[in-house]
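Good morning, and thank you for coming. I shall present one protein model today, and I ask you to keep its sequence and structure in view while I speak.

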Amino acid sequence: MSPSLDTAGLGARAAEMLDELAQISASADHLTRFFLTPEHRRGADLVARWMRQAGLEVTEDALGTVRGHRPGASPDAPRLLFGSHIDTVENAGRFDGCLGVVLPILALDWLARSGHQAPFGIDVLAFGDEEGSRFPTTLSASAAIAGIFSPSMLAARDSDGVRFEDALRAYGKDPADIPAAAYDPARVIAYVEAHIEQGPVLEVEGEPLGIVTAIAGASRLSVTVTGEAGHAGTVPMRLRHDALLGAAEMALAIERIAVEAGDGMVATVGRVHVEPGAVNVIPARVVFTVDLRSGSDLSRRTALERLEREAHHVADRRGLGVVISAFHEVGTVPCFPDLQRRLAEAAASLGARPVWMPSGAGHDGQAVSRLCPIGMLFVRCRGGISHNPAEYASPADMGLAAGTLVRFIERFEWPGPAGSLREAGESA
Ligand code: HGY
Ligand code: MN
Ligand code: MN
């Protein structure tokens with residue numbers, strides 16, 4: 001067991017690193033770092049430097065994921081994976097994603113300094129496309145390591161019309177190398193992601209750490225409503241086909257569907273585009289997004305069917321057209337019980353009493369779950385605020401989380417290549 005863990009020092013270092021990474025942004029005024037941008041490149045280079053300083057072998061795959069590797073007892077020893085994302089939403093906080101890259105780097109640095117050598121290999125992964133902020137894709141980088149990257153993503157275009165594939169080539173990658181980014185499932189033990197909770201539960205419970213039981217399934221939709229442009233001063237209200245009012249009525253219907261569904265369902269209309277967007281022209285076309293989530297996939301699918309019906313009722317009544325297309329769909333993903341137990345025991349060894357809880361936010365772990373068992377460790381964040389520059393996790397809580405990862409790795413008894421974690425987990 002490594003010497004008594006200096007969790008305060010680990011937390012202070014984590015805060016410094018996150019502050020440094022947060023300076024790498026498309027804007028001088030706020031933190032915005034989108035996939036395959038110059039800011040992504042600079043952020044990836046900084047993470048790679050930290051990985052090297054921690055003694056890791058650094059590579060980068062065809063989706064730009066930075067990989068830091070610590071060898072196990074033999075070059076082909078199966079690996080424990082840790083990681084999260086370094087891309088952000090617009091005007092983001094500095095902890096979302098990045099924390100889950102910084103903490104395992106610090107944990108491995110600590111273990112290296114304390115002379116610990118695990119029989120298994122350990123990788124830290126910094127994914128670049130979790131948020132889906134630039135392209136209408138999400139989890140593309142983690143999907144690639146899981147071997148489930150969808151080539152159709154390459155045709156996605158950002159708001160400037162730039163194709164995913166062209167941006168990838170401009171970033172110096174070759175789409176032909178994407179299949180090689182996938183891990184061999186037989187060489188991977190499990191994946192563990194540390195992440196801020198992005199909600200208020202841990203703060204309300206007065207606990208610094210959470211053990212995630214499952215990650216909620218999510219659907220992201222694009223809804224296009226078409227009406228008829230007209231003169232704002234001359235067309236009587238009863239003769240209008242106002243695309244924006246139709247969209248507004250649909251948005252309120254979506255809210256009602258989520259509230260009535262229960263199951264912790266949440267629905268968000270986050271982006272609205274209005275054409276022609278002139279003050280004195282009746283809107284002819286509106287495109288808006290829907291983000292729908294629930295811990296129950298059945299409940300979410302039922303809500304989607306109801307949303308489709310009600311949107312068409314509104315359109316029929318107002319003489320509008322409506323087209324609904326889903327551009328992202330991921331099912332609810334359970335976290336592996338054996339990993340939950342191991343994370344909880346590691347946290348408890350440092351005096352924490354972690355809270356078991358689901359994640360309403362999506363994470364790279366949802367994609368990686370198609371490769372191997374996943375576990376997630378939540379870190380308390382102030383006021384549950386996230387996707388907001390006011391996002392904050394304390395150095396003390398971050399240090400405790402880093403220490404938990406150290407203990408998790410030190411204690412990770414693994415049956416070896418003969419047996420997989422899944423078998424061990426099932427017997428546990
Ligand atoms: O939207 C999410 O849940 C994640 O922050 N990308
Ligand atoms: Mn995140
Ligand atoms: Mn996020």
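Let me begin with a term: a residue is called buried under 20% relative accessible area, exposed over 50%, and partly exposed in between, with a 1.4 Å probe and protein chains only. By that scale L244 is partly exposed, because its relative accessible area is 31%. L244 has its place in helix α7, residues 243–261; helices (H or I, at least four residues) and strands (E, at least two) are DSSP runs, numbered from the N terminus. Together with V269 and V272, L244 makes a nonpolar surface patch of about 200 Å². Patches are made of residues with over 30% relative accessible area and no salt bridge; like charges are joined within 9 Å, and nonpolar side chains (Val, Leu, Ile, Met, Phe, Trp, Tyr) within 5 Å. The areas come from the Shrake-Rupley method with a 1.4 Å probe, and for residues only the protein chains shown count as cover.

Two remarks on conventions. The model is predicted, so local features need pLDDT of at least 70 and side-chain atom pairs count only at pLDDT 80 or more, while totals for chains, interfaces and linings use all residues. Residues are numbered from 1 along each chain as its sequence is written, chains are lettered from A and ligands numbered from 1 in the order in which they are written, and side-chain values use heavy atoms, with hydrogens and water left out.

I turn to the charged pairs. How many salt bridges does the count come to? With a salt bridge taken as a side-chain nitrogen of Lys or Arg within 4 Å of a carboxyl oxygen of Asp or Glu, the count comes to 30.

One of them joins E16 to R13, with the closest N and O atoms 3.0 Å apart. These two are separated by about one helical turn, because they stand three residues apart in helix α1, residues 7–22. E16 is partly exposed at 48%, and R13 is partly exposed at 30%. In helix α2, residues 38–53, D45 and R41 are four residues apart, about one turn of the helix, and their side chains meet in a salt bridge at 2.8 Å, N to O.

R353 and E207 form another salt bridge, with their closest N and O atoms 2.9 Å apart. R353 lies in the loop between α9 (337–348) and β15 (355–359), and E207 in the loop between α6 (201–205) and β6 (209–215), so this pair ties together parts 146 residues apart in sequence. R353 is exposed at 62%, whereas E207 is buried at 8%. There is also a network of salt bridges linking R163, E165, D166, R169 and D174.

Next, the metals. Which residues coordinate the manganese ion (ligand 2)? The donors are H85 (NE2), D96 (OD) and H195 (NE2), at 2.1 to 2.2 Å. Donors are N, O and S atoms within 2.8 Å of the metal (3.2 Å for Na, K and Ca); water is not among the atoms, so sites may look incomplete. The manganese ion (ligand 3) is 3.4 Å from the manganese ion (ligand 2), and D96 coordinates both. Both D96 and H195 are buried.
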